[in-house]
Amino acid sequence: MDNVDKRNRLDYSPFHFRVLKDQTVFIEYEGKQVKTLKGREADKFLKKMKDAHDEKGMQLIMAKVTGNFKRGNERKN
């Protein structure tokens, strides 16, 4: 896994998730909601999170689920 996060961005835990009563999952990146999961997709995600060995593994799972939404050219407010 050392080769995956070369700039150590996942060490700062930028991703968080929350689960509603109906098993809808919201994934946030630096406090902003970037992905919503429902149904089978949410169940699969929650199973992976349960099986994760550590915090960095959980961060990597959330990064992979959110996909390629950051390209590095966004403006910072």
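A residue is called buried when its relative accessible area is under 20%, exposed when that area is over 50%, and partly exposed in between, as found with a 1.4 Å probe on protein chains only. The model is predicted, so local features need a pLDDT of at least 70 and side-chain atom pairs count only at pLDDT 80 or more, while totals for chains, interfaces and linings use all residues. Residues are numbered from 1 along each chain as its sequence is written, and side-chain values use heavy atoms, with hydrogens and water left out.

Side chains of opposite charge can pair when their charged atoms come close. A salt bridge is defined here as a side-chain nitrogen of Lys or Arg within 4 Å of a carboxyl oxygen of Asp or Glu. Three salt bridges are found in the whole structure.

Helices (H or I, at least four residues) and strands (E, at least two) are DSSP runs, numbered from the N terminus. Within helix α1 (residues 39-51), Lys47 and Asp51 are four residues apart, which means that about one helical turn separates them. Their side chains form a salt bridge with an N to O distance of 3.0 Å. Lys47 is exposed at 55%, whereas Asp51 is partly exposed at 45%.

Another salt bridge joins Arg18 and Glu28, whose closest N and O atoms are 3.2 Å apart. Because Arg18 lies in strand β1 and Glu28 in strand β2 (residues 25-29), the pair ties together parts ten residues apart in sequence. Arg18 is partly exposed at 38%, but Glu28 is buried at 19%.

Asp11 and Lys56 also form a salt bridge, with 3.3 Å between the closest N and O atoms. This pair links distant parts of the chain, 45 residues apart: Asp11 is in the segment before β1 (15-19), and Lys56 is in helix α2 (residues 55-66).
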